[in-house]
Amino acid sequence: DIGLGRQTPRSGFFSIVGLFGLIASFHGMIFSYSRQIFALARSGYLPHVLSRVSRTRQVPYLALLAGAIFGILALVLLDTSKLVVLSTIGAVVVYIISMLATVRLRQTHTTMPRSFKAPFYPVFPAIALLLAIVALVAMVYFYSWLSLLFFSGFVIVSGLFYITGQYKKSMQDWETETDAS
């Protein structure tokens, strides 16, 4: 038998392995989103109330609850396949921004000490950037409605970041950090 049809014993095995992988992935997301919300709130990018931690266990419980509510709303309003596509679009956009930041930092801060250097710079970052752009274009082409939803949210969040002046605080923090090192 070539494939994993419904009747093969291997399909049950792979379903169980996939289920354990999915559960592990969800646990990782729950742990990381609450800490990310906590860190952003502590730095002043989100409401400070989200940086509260419990007295006994030091868990960012409000950040955990806010992320859970957001996740439940996303599950209710969208189906799982759409959430996967949205998160993949987000990951590709973050990857593109990272590659652009790598190039920009190398150009503007040539003497800045770096604990990690991109191998074969600038060839590998350029290849990675090109592949990420191709992937993003393909996703926008095949999932135009979800792409519009993602980029609308991105523009709204970026606009709020700019309007509230948080970008100035971010720039000041970054300059202070780079001057200290």
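## Basis

The model is predicted, and local features need pLDDT of at least 70, side-chain atom pairs count only at pLDDT 80 or more, and totals for chains, interfaces and linings use all residues. Residues are numbered from 1 along each chain as its sequence is written, and side-chain values use heavy atoms, with hydrogens and water left out.

## The largest pocket

The largest pocket has a volume of about 2600 Å³, where a pocket is an open set of points on a 1 Å grid over the protein atoms alone, a 1.4 Å probe fitting at each point, with protein on both sides within 12 Å along at least five of seven lines, and lining residues have an atom within 4 Å of a point. A volume is the space filled by probe spheres set on the points, which are joined across faces, edges and corners.

Its lining comprises 49 residues, of which Tyr-33, Phe-70, Ser-87, Gly-90 and Phe-150 lie nearest the centre. Helix 3 (80-108) gives the largest share of this lining, 12 residues; helices here are DSSP runs of H or I with at least four residues, numbered from the N terminus.

## The second largest pocket

The second largest pocket holds about 160 Å³ of space, and the residues that line it include Arg-106, Arg-114 and Lys-117.

## Leu-65 in helix 2

Leu-65 belongs to helix 2, which covers residues 61-77. With a relative accessibility of 49%, Leu-65 counts as partly exposed, a class between buried (under 20% relative accessible area) and exposed (over 50%), using a 1.4 Å probe and protein chains only.

Note on methods
Helix = DSSP H or I, 4+ residues; strand = E, 2+ residues; numbered from the N terminus.
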